[in-house]
Amino acid sequence: MRTLSTPSPALIFPQNSHSFQNGRGSSTSSSSITGETVAMVHSPPPTRLTHPLIQLASKHQKEQANIDRLPDHSMIQIFSFLPTNQLCRCARVCRRWYNLAWDPRLWRTICLTGETINVDRALKVLTRRLCQDTPNVCLMLETVIVSGCRRLTDRGLYTIAQCCPELRKLEVSGCYNISNEAVFDVVSLCPNLEHLDVSGCSKVTCISLTREASIKLSPLHGKQISIRYLDMTDCFVLEDEGLHTIAAHCTQLTHLYLRRCVRITDEGLRYLMIYCTSIKELSVSDCRFVSDFGMREIAKLESRLRYLSIAHCGRITDVGIRYIAKYCSKLRYLNARGCEGITDHGVEYLAKNCTKLKSLDIGKCPLVSDTGLEFLALNCFNLKRLSLKSCESITGQGLQIVAANCFDLQMLNVQDCDVSVDALRFVKRHCKRCIIEHTNPAFF
């Protein structure tokens, strides 16, 4: 039997708040019991039935409604198809519906948003309410998304770490009040955690196990964390030493995003490549200390690397691009916007070696001209997205060569480029599905 001591919603956030949402929007419904359903915490309805529809039915108390004859498992299946707001209303009909609406199978995901919500209190109430059959443990909860909740503190993460041993996905982006210690607790007590997003958490400088967890692990197990997806965008304090620790503990990483981690250098990337050899997607955008030597380290990923973002890394030149092109032949996505040291020679080497390239951003590379575009057009026939924004040396002739060879082009950005209307029309005529972003008022 569920405990009926759950606090009122007013203790967590103001009335009429929509901070608890369905993972796919409050207007959508769950497709199965494994769907994502998140709702406000309601107090149990009174024993006396007060719902208008129920009042009408109460006149015939001797006759049981047809829906009440359904077994619990059928009711839960029906509830799994309801959107969040309807599920909340169902929880207020009667005690039986209240208990069924809080069945843990309907709550695999908790999603909280909003700057004013008392997140720590909300997480405590929710986890306590979901610990029905297993006291103090939420075995069904797998995803917690707390984005932009600035009032989240270490106390809230401690609650998650202690109550959610089956947690697989945690997003706390923009919650800048959390610290390393709380993150350590989560990764130590949630061994199945695979997806971690701490972007914008400026106090987080490392990802590691707690000392107690490390001591308990056997030598055969090592000090490994099962995280595969890690987003540390805007973790400004992260340094090479912290990245070294992350790499040593998170050897299974496949997706790593270090955007605007401005203290990372080539040395940190060297540590990363020693331990994390399975990385498929890597972003070091706006890491101004990363240079061609860092590209040499990244090239050690070889054919495993599919996505690379080095935008605004001003120290990267054709030399770094040659390293990537030579060893990472299966690269699909490259963002090199703002790397002003890249020229037509770098683009040529990239086009000839990474022929399966689908997306390329070389905007704000003033040394790339129509010659580089010609190499792209003659080698990368599968190109779907191309950004040339603010490329001063690009003309309509280069665009026409691309359009004549890359028929699958779907997006072309030529904003602030000196291209004629005729060239844009040529692109539109040959690449019918292409969306052109431009600043030419004569073309529409």
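Helices and strands here are DSSP runs, numbered from the N terminus. Keep that in mind as you browse these close-ups, and remember that the model is predicted.

Lys280 sits in the loop that runs between helix H10 (266-275) and strand E7 (281-283). With a relative accessible area of 44%, Lys280 is partly exposed, since that class covers values between the buried limit of under 20% and the exposed limit of over 50%. On the surface, Lys280 gathers with Arg228, Arg306, Lys330 and Lys356 in a patch of positive charge.

**View B. Strand E1 beside strand E2.**
Strand E1 runs parallel to strand E2 (residues 143-147), and five bridges join the two. To find your bearings, look for Leu112, which stands opposite Val146 in E2.

**View C. Asp72 reaching Arg96.**
Of the 10 salt bridges that the structure holds, this view shows the one between Asp72 and Arg96, whose closest N and O atoms are 2.8 Å apart. Asp72 belongs to helix H2 and Arg96 to helix H4 (residues 95-101), so the pair ties together parts that are 24 residues apart in sequence. Helix H2 itself spans residues 72-79. Both partners are partly exposed: Asp72 has a relative accessible area of 42%, and Arg96 has one of 26%. Trp97 is also worth a glance, as its C-alpha is 9.3 Å from that of Asp72, although the two residues are 25 apart in sequence.

The side chains of Glu267 and Arg270 meet in a salt bridge, at 2.7 Å from N to O. Both residues lie in helix H10, three residues apart, which is about one turn of the helix. Glu267 counts as partly exposed at 33% relative accessibility, and Arg270 is partly exposed too, at 31%.

**View E. Asp361 paired with Arg337.**
In this salt bridge between Asp361 and Arg337, the closest N and O atoms are 3.2 Å apart. The pair links distant parts of the chain, 24 residues apart: Asp361 is in strand E10 (residues 359-361), while Arg337 is in the loop between strand E9 (333-335) and helix H13 (344-353). Asp361 is buried, with a relative accessible area of 11%, whereas Arg337 is partly exposed at 21%.

How values were computed
Residues numbered from 1 in each chain as written. Predicted model: local features only at pLDDT ≥ 70, side-chain atom pairs only at ≥ 80, totals over all residues. Heavy atoms only, no water. Patch = residues over 30% accessible without salt bridge, like charges linked within 9 Å, V, L, I, M, F, W, Y side chains within 5 Å. Areas by Shrake-Rupley, 256 points an atom, 1.4 Å probe, with all protein chains shown as cover. Salt bridge = Lys/Arg side-chain N within 4 Å of Asp/Glu carboxyl O. Lys, Arg positive; Asp, Glu negative; His and termini not counted. Charge placed at Lys NZ, Arg CZ, Asp CG, Glu CD. Helix = DSSP H or I, 4+ residues; strand = E, 2+ residues; numbered from the N terminus. Buried < 20%, exposed > 50% of the residue type's maximum accessible area, 1.4 Å probe, protein only. Pairing = 2+ DSSP bridges.
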